Amino acid sequence: MNSAHRVHDIGGVEGWGAVPYEPDEEVFHYDWERRVFGLMFQVLSETAKRPGEFRHALERLSPEDYFCSDGYYGRWRAAMEVLLDEYGHVAKDELDDLLGVERGTGPGHRVAGVAEVDPQNLPPDRLTPKPNHRTVRRELEEASQFEVGDRVIAVGNNGMGHTRLPEYVRNIPGTVVKLHPAEVLPDSTAHNLGERPQHVVCVAYRAKDLWGQDAEEDVVINVDLYENYLAMETELS
Amino acid sequence: MSGVEILDGSLAAPPRTNGELLFEAPWQSRAFGVAADLVESDCFSWSEFRGSLIDAIQTWENLETHNQPPWDYYTCWVAALEQLVFRKVLLKPAEVDLRSREYVDRPHGHDH
Amino acid sequence: MNKQDDHHHGVDPNSPEVRTEALEDLLVEKGLIDRGRVDALIERFEHDLGPMIGARLVAKSWLEPQFRKSLLENADRALEEENIKGAEIEHVEVKANEPGVHNVVVCTLCSCYPWALLGLPPSWYKSPEYRSRVVREPRKVLQEMGLSLDAETEIRVWDSSSETRFLVLPERPEGTEQLGLEELAQLVTRDSMIGVAKAKVS
């Protein structure tokens with residue numbers, strides 16, 4: 001697995017320092033952040049319309065652009081530049097020229113391309129009733145394969161496409177604690193490969209199973225996982 | 001809840017602190033309240049207001065630097081509100097001009 | 001003439017302050033708006049959006065055990081009955097703090113957050129420091145942020161990796177038996193509904 005690619009997937013990654021906590025901060029620190037926020041909705045409606053597609057653009061940014069000093073809105077801005085280039089609205093060289101900077105400056109030059117996803121690595125699609133309002137939730141006829149109390153392991157796949165399986169729980173056994181409503185599968189929708197809706201399973205992990213015996217006592221991490229990521233522990237051993 | 005959150009999803013998002021609306025002077029909250037009441041009375045929608053506000057913000061942005069007053073969100077809000085009120089023929093520009101001048105010319109000691 | 005007394009005298013008639021007053025008065029005179037309603041709307045907007053929506057749910061659940069039960073069992077239905085909808089709430093789960101159990105919410109993969117209940121997310125919530133560390137050493141992170149939990153308290157971290165959004169139901173502080181809904185809601189901070197603080201009598 002090429003982990004250099006998954007710059008956004010930072011649950012449990014070591015080396016980060018104190019949380020920059022300000023109890024009463026402003027929502028926007030600078031006016032330009034407000035503008036980025038505003039532009040977002042217009043850019044998205046012309047580019048990344050499908051669930052997960054914008055997140056995948058963020059995830060493809062190089063580490064220097066993802067963690068850039070401009071923070072959260074800075075990476076939104078970088079992802080927008082990437083999408084505007086990829087959708088043929090504003091080429092990255094053109095943007096550099098417009099800004100009067102050297103060509104090769106913008107994040108579009110460092111971004112990883114949209115991953116090629118093999119549909120064989122995705123669960124099959126299935127028909128569901130069309131919802132009467134915009135939602136990612138779907139009604140599935142079949143019940144989930146899993147029940148509260150099941151011991152499961154998230155395996156996922158080794159593709160480079162968008163996914164909502166955080167690396168830190170991969171291959172670790174956990175216990176199903178709740179079933180959430182089914183949703184379209186972002187791993188598929190982000191790549192325009194259909195909805196492939198899945199039940200969503202909440203799995204609880206003990207900190208010591210995730211981080212080793214030195215982990216804090218009495219800590220449980222609960223993660224929501226799409227059913228196709230999971231297998232029964234007994235199946236795998 | 002009211003539709004005003006549509007503003008948050010745009011260039012026209014009002015200033016907030018800890019997630020709550022931030023008014024720095026009473027006239028700002030009045031401007032907000034007047035717009036909200038006109039929406040509640042169906043004179044226009046928040047969506048239309050947002051469009052007007054985005055135009056007002058862009059007008060400010062396009063001013064030449066030496067002519068451009070410092071950024072103030074609620075100044076743009078009031079400009080947007082006026083434009084929409086005139087466009088919907090709720091008031092005429094001349095009426096508002098006249099009334100504003102009257103308020104400024106009020107004698108000293110006017111008890112408002 | 002003392003120009004300081006009159007708040008508009010000598011001011012530019014084109015200033016937004018003057019224009020606003022003129023607009024409001026003219027609209028009232030024409031019967032297009034109602035002053036009392038404007039007052040009520042200001043009151044509502046200043047306090048309704050943002051964390052106050054979540055705070056009122058918490059306060060109500062402190063006062064009404066039946067509501068608390070319904071919020072914990074089926075938050076979507078409870079919210080619908082309260083007429084709450086909006087951005088980012090496809091599905092909500094409410095997790096109650098109680099003696100021995102403390103809940104805290106994160107999105108390690110990006111920064112998912114229940115906007116319609118808590119307003120816009122604070123930047124620390126979106127920071128790589130919070131996202132990386134709160135799943136690994138939550139007790140330490142919470143302590144650094146000012147919340148010390150005793151060793152017997154189980155910490156449950158909720159990573160928002162699907163479209164489910166989490167709200168923490170903090171414990172009701174002691175000595176608040178006499179308070180009503182609005183006063184109780186004032187005690188519920190955004191940070192306590194994310195789980196990095198407790199609700200406190202200030």
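The exercises below work through a predicted model with chains A, B and C.

**Exercise 1. Describe the make-up of chain B and how far its residues are buried.**

Step 1. Count the elements: chain B contains five helices and two strands.

Step 2. The pattern reads α-β-β-α-α-α-α.

Step 3. Turn to burial. Chain B has 112 residues, of which 38% count as buried.

Step 4. Look at the contacts of chain B between residues at least 6 apart in sequence: 66% of them join residues at least 24 apart.

**Exercise 2. Find where in chain B the confidence is lowest and where it is highest.**

Step 1. Start from the whole chain. Chain B has a mean pLDDT of 84, and 87% of its residues reach 70 or more.

Step 2. Go to the elements. Strand β1 (residues 16-17) of chain B has the lowest confidence, with a mean of 67. The highest belongs to helix α4 (residues 73-87) of chain B, at 94.

Step 3. Apply this to reading the model. Where pLDDT is low, the predicted coordinates should not be read in detail.

**Exercise 3. Compare the reach of helix α2 of chain B with the expected value, then decide whether the helix is mostly covered or mostly open.**

Step 1. Take the length: α2 of chain B covers residues 26-40, which makes 15 residues.

Step 2. Compare the spans. From first C-alpha to last, α2 of chain B reaches 21 Å, close to the 21 Å expected at 1.5 Å a residue.

Step 3. Check burial. A residue is buried if 20 or more other C-beta atoms lie within 10 Å of its own. By this test 12 of the 15 residues of α2(B) are buried, and the helix is mostly covered.

Step 4. Name some of the buried residues of α2(B). Among them are Trp27(B), Arg30(B), Phe32(B), Val34(B), Asp37(B) and Leu38(B).

Step 5. Look past the end of the helix. Just after α2(B), Asp42(B) takes a positive phi of about 65°.

**Exercise 4. Locate Asn171(A) and Asn192(A), and say whether each is buried or exposed.**

Step 1. Note the backbone angles. Asn171(A) is not a glycine, yet its phi is positive, at about 65°. Asn192(A), also not a glycine, has a positive phi of about 60°.

Step 2. Place the residues. Asn171(A) sits in the loop between β1 (151-154) and β2 (173-183) of chain A. Asn192(A) is in the loop between α6 (186-189) and β3 (198-206) of chain A.

Step 3. Asn171(A) counts as exposed because it has 10 C-beta neighbours inside 10 Å. Asn192(A) is exposed because 11 other C-beta atoms lie within 10 Å.

**Exercise 5. Identify the domains of chains A and C.**

Step 1. For chain A, the domain assignment gives domain 1 (3-109) and domain 2 (123-236).

Step 2. Describe their contact. Domain 1 of chain A supplies 12 residues and domain 2 of chain A supplies 13. On the domain 1 side, one residue is nonpolar, five are polar and six are charged.

Step 3. For chain C, the domain assignment gives domain 1 (16-46) and domain 2 (49-194). Their C-alpha centres lie 35 Å apart.

**Exercise 6. Describe chain C and the side of it that touches chain A.**

Step 1. Count the elements: chain C has 10 helices and four strands. Of its 202 residues, 50% count as buried.

Step 2. Count the contact: 40 residues of chain C meet 43 residues of chain A.

Step 3. Name the elements. On the side of chain C, those giving two or more residues are α7 (128-133), α8 (138-144) and β3 (154-159).

Step 4. Sort that side by class: 15 residues are nonpolar, 11 polar and 14 charged.

**Exercise 7. Trace the largest nonpolar core.**

Step 1. Take its size. The core has 75 residues, and those with the most contacts inside it are Ile221(A), Leu225(A) and Val104(C).

Step 2. Find the main contributor: helix α3 (residues 51-63) of chain C gives the most, with seven residues.

Step 3. Follow Ile221(A). Leaving aside neighbours within four places in sequence, its contacts include Tyr205(A) and Leu210(A), as well as Val135(C) and Val157(C).

Step 4. Separate the second core. This one has 35 residues, including Phe32(B), Tyr74(B), Cys76(B) and Ala22(C).

Note on methods: Residues numbered from 1 in each chain as written. Chains lettered and ligands numbered in written order. Predicted model: local features only at pLDDT ≥ 70, side-chain atom pairs only at ≥ 80, totals over all residues. Expected span 1.5 Å × (residues − 1). pLDDT = per-residue confidence, 0-100. Domains from an automatic or database assignment. Contact = placed C-beta atoms within 7 Å. Nonpolar A, V, L, I, M, F, W, Y, C, P; charged D, E, K, R; others polar. Core = buried A, V, L, I, M, F, W, Y, C linked by C-beta atoms within 7 Å.
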